[in-house]
Amino acid sequence: MKTYTVKMIYDNGCWISSTGAPLCLVLEADSYDKLVKRVCLAAPEMLELNTGYTGPFKLNFVTEHSETLPEAV
């Protein structure tokens, strides 16, 4: 079974997902759970459009959280 990695990044109060080919998804949402749902809805359609594949596949979600810290005094 094919497995695709979805990078989930939290930045400035917004969650953003990105995947490489063949899914080629870039989506955003105001919560992690909403973004996971959006990715799960869009991924099968994008995979079919980009490759013609309609079978089962796995998504691995990798989370990255960045914070900008003030300059040390």
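Contact means heavy atoms within 4.5 Å. The structure is a predicted model. In this model, helix 1 lies across strand 1 (2–11), strand 2, strand 3 and strand 4. Helix 1 runs at about 140° to strand 4.

The four strands form an open sheet with the order 3-2-1-4 and mixed pairing. Strand 3 (26–29) and strand 4 (57–65) stand at the edges. Each has a single partner strand, so one side of each is left without a neighbour in the sheet. From one strand to the next, the twist averages 25°. Strand 2 and strand 3 run antiparallel and are joined by four bridges. Here, I16 stands opposite E28 in strand 3.

Aromatic rings were examined next. A pair of aromatic rings is described by the distance of the centres and the angle of the planes. With centres required to lie within 6.5 Å, the count comes to three aromatic pairs. In one of them, the ring centres of Y10 and W15 are 5.1 Å apart. Their planes stand at 55°, so this pair is tilted. Y10 is partly exposed, with a relative accessible area of 23%. W15 is buried, at a relative accessible area of 12%.

W15 also pairs with Y32. These ring centres are 5.1 Å apart and the planes lie at 75°, so the pair is edge-to-face. W15 belongs to strand 2 (residues 14–18) and Y32 to helix 1 (residues 32–51), so the pair ties together parts that are 17 residues apart in sequence. Y32 is partly exposed, with a relative accessible area of 29%.

Notes
Residues are numbered from 1 along each chain as its sequence is written. This is a predicted model: local features need pLDDT of at least 70, side-chain atom pairs count only at pLDDT 80 or more; totals for chains, interfaces and linings use all residues. Side-chain values use heavy atoms; hydrogens and water are left out. Rings of Phe, Tyr and Trp (its six-membered ring) pair if their centres lie within 6.5 Å; planes under 30 degrees apart count as stacked, over 60 as edge-to-face and the rest as tilted. Buried means under 20% relative accessible area, exposed over 50%, partly exposed in between (1.4 Å probe, protein chains only). Helices (H or I, at least four residues) and strands (E, at least two) are DSSP runs, numbered from the N terminus. Two strands pair if DSSP finds at least two bridges between them. Axes are lines fitted to C-alpha atoms, for helices over the stretch in contact, and angles run from 0 to 180 degrees between N-to-C directions.
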